[in-house]
Amino acid sequence: MLFTTDQQTLEDLNIFGKHGSESIYAIYNRSSTRGGAALLEEMFRYPLSDESAINRRSGIIQYFAGIGLDFPLQSSHFDAIEPYLENTDERTKLEAGDQSVTRRLTNLIAVDADTSAIHKGVTTLVDLLKSLHTFLLSLQVEKGNPWHADSTIMAGILAAPSFSAILQGGAGKLSHAELAEYDVLFRFRQREDILKLLRHVYFLDVYCAVAKVAGSRGFVFPKALPGHTHELHLIDVYHPQVKNAVPNSIDITAESNVIFLTGANMAGKSTFMKSLSIAMYLAHMGFPVAAAKMEFSVLDGVYTTINLPDNLGMGASHFYAEVLRAKKMAMELKNKRLFVLFDELFRGTNVKDAGEATIAFTGAFAAKKGSIFVISTHIIEAGAVLKERCKNINFIYLPTLMEGTKPVYTYKLEQGITEDRHGMVIINNEGILNVLDEGARSKDEGVRNKDEGIRSKDEGLGSKDEGLRSKDEGLGNKDEGVRNKDEGLRSKDEGGFIADKQTLNDLNLLGKYKPNSIYSLFNQVQTAGGERLLQEMFNAPLTEPVQINERSALFRYFHENEHHFAFKRQTFEQMESYLGMGTNSNFVAALANTAYQKFSASFLRDEQYESAHTGLLATVAVLNAFRDFVSMEDGDENPYAREKKAMRAVFSDGRLQWLSTERNTTVFPLLAFAKYDYLLKQTLQKEMESLLKGMHRADVYLSVSKVARANGFSYAKAHPQGGNVMRSTALRHPGLAKGVANPVSFNRDQNLMFLTGANMAGKSTFMKAFGIAVYLAHMGFPVAAKEMDFSVLDGIYSSINVADDLNMGHSHFYAEVLRVKNVAEEVASGKNLVVLFDELFKGTNVKDAYDGTLSVTAAFAKYTTCFYIVSTHIIEVGEALQSKAENLQYAYLPTVMEGNTPRYTYQLKQGITSDRQGMMIIENEGILDILKDNIQV
């Protein structure tokens, strides 16, 4: 049976890393060849599930670690050998007798690059075979050595009569006849043997590299036991990526195959779970692990659930994603022995359902004694129930010692269930509430006036500026635009519209190849330049109302007027490539060069002239199409009129009048080609650049408006900052074809929405829809709403799918705390922001989550120039907030029960929900019934 795992596990354990981060693979990737690196990745993707195969690989690596062997071959050889062997075109065979005068003359005129590469490949491969033969003779691998079989196969291939002349040959330069003979031998006659030999060489590369890592890091080689023994013995296991990691030991048998792990926030639960999981994963590869000793029974797979995001594309909330994950594990357990790990089971639901589900699932897992389960939780009450029900659960915890108000973490496992609860201590120690309180107190009357829209360019000018402000306010729309511009420049000077990486990921805004990203939704452009411009717009939303409304008006104009700029993508690419080729600085030299290119095309089969000629034809076609596009008459009052006028001015240049006469030309005479080529690339270079930019802009206008038209999007109206307006009717998620629309309205008197609702009711989707609309509106892009108007803001922060950060030593809860602290500092600094908190402090116990949500929400609510949506399953917080703040609005997404089946309306209602259907969803998925099947496995 193949060893199984999945992408969630690979990401949880950072096996291959994300976004360039250091990965487990990178620790071991000290290979000297590309083939070795590819083979190493293959080993990482496909661990072993056979005891003997694991121990054999482990023994080989241990052998090379013991003799301290460096990779014995030159890695540079492979750069020539690999592409050489990939060329299997028989027409490229070297011919021993083809040394005629014609052949030699041809080589003098134009060196054959393919022939040169073949010569180098043959010569280098000869050197490699000799070096490998010498190495094998020097090593003298004895029978019984784990690597004996591999070395015997390699020696057997080299012993073939076909290679004897090569191995016995001298060190001199190969003759042409020898090159031709060996080329046929290597690439055709003995090709399979050569590839087989190289495969073994790549294995040797990996073995040497991993052995070096084991020696330098002090890793140990695990011993694999038969699967039926149901054992895991680990002494001093630690995380290989954590500096000064604290090791822990653990023993697991069939009578203690479930680990129930508790501990306070930041006590080290996630790090220990990752350490254990990584060790199990690497052990099944036959690789050395970060431990003092390890013995394990071979399993059929490893699955972890640590940083599980929601999946909006599948319509799955965070909780439902957890349910589906649990169901997948149940299905896999039907016929496999697995290592299964859950960090905080069902953190995406209310504490009552989470507690019941944790007890039910842990009890069901305990019956699967052939597998190993590791479950962490903050719901320590579940442990007391499980102690009475199941005898094969090992209860362990990571303790916290208090030194005054400062928690100290030992990171050493102890037996039992923790009673530590220090979430609020950590929140207070980070000073989040102090930051918000001090920022609120520091708001003097001048700052409040500024927030209310009574602005001046320089508040230090006193009464003089007060008069200037009054004058500005009386000058009407003209001066209103000037003030808007000043405000936009101020925000731009401070760094532009703010949206950090966490927010961009939460809202799935960027990414050309990212599934269902908002960028990919709008990326219907036909030109590379249009795509670059679209990326620039997505990367830099605007902060000036005038600019936002101007861009929005352009998109609206194209939305309402279906203009067509008719060209083929390939033709446009040919034009851009052609114009980018360049030419000589004077016409005589350009003409001479063109004549030479045409001669080369005729006699030397040079393709440069033909490529340039095709490029000129494409340029003429696209320029004519664009001239037709900007020549359409629809008045001078529309938003695109000024740009059309500028483009028409370029085309009216007398030096471009030939475009219309050459519209249908298919072949240019040499002189005409040289003339037009010089004119476009040299004389009118700046004009061509201007037209290209105009085409790119038109491409974006047309594609974005087309998306808006197809999806029924509208255009938001931007108002100056300080008006504290955010209104939208029929707001929905642009990525959902059948998204349900909801109205949203914020102002200074109701600037915080406290959002509740059962699992899967649509809270996360609603929050994302709002955040995306805010971002797109500041870009001047169409939004998925019927209407929208808003006061310009400084930025947006979201906290929806916050992951732990092992490299920084941050648990999931501490990552949440730091996220809230970061947002608090930005809010307290005076910025006007949209802030989205989905399930504040879900990584801690319910008491600390309640206290933290209540105190932090109340503190943020004091900043009435920001708009917030805070969602939670702790509905009791809403009742307490009603006595602490008056500027909150309470909304929920209801669940309608139809028998035992919940139905979700996705329509906002006023108030606080009382719905709790977490366990019902779990039961409806039939997960516990699946786990009861084949209970002996």
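Which residue in strand 3 does L232 stand opposite? L232 faces I252 of strand 3. The model is predicted: local features need pLDDT of at least 70, side-chain atom pairs count only at pLDDT 80 or more, and totals for chains, interfaces and linings use all residues. Residues are numbered from 1 along each chain as its sequence is written, and side-chain values use heavy atoms, with hydrogens and water left out.

**Sheet**
- Four strands form an open sheet in the order 1-5-2-3, with mixed pairing; strands are DSSP runs of E with at least two residues, numbered from the N terminus, and two strands pair if DSSP finds at least two bridges between them.
- Strand 1 (223-225) and strand 3 (248-252) are the edge strands, each pairing on one side only.
- On average, neighbouring strands of this sheet are turned by 15° against each other, direction ignored.
- Strand 2 (residues 232-237) runs antiparallel to strand 3, and four bridges join them.

**Helices on the sheet**
- Helix 12 (residues 269-283) packs on the sheet and touches strand 2, strand 3 and strand 5, its direction making about 120° with that of strand 2.
- Helix 4 (residues 51-67) lies across strand 1 and strand 5 (293-297), running at about 170° to strand 1.
- Helices are DSSP runs of H or I with at least four residues; contact means heavy atoms within 4.5 Å.
- Axes are lines fitted to C-alpha atoms, for helices over the stretch in contact, and angles run from 0 to 180 degrees between N-to-C directions.

**Cysteines**
- The structure holds zero disulfides, a disulfide being a pair of cysteine sulfur atoms within 2.5 Å.
- C208 counts as buried because its relative accessibility is 3%, where buried means under 20% relative accessible area (1.4 Å probe, protein chains only).
- C866 is buried as well, with a relative accessible area of 0%.

Key
Buried < 20%, exposed > 50% of the residue type's maximum accessible area, 1.4 Å probe, protein only.
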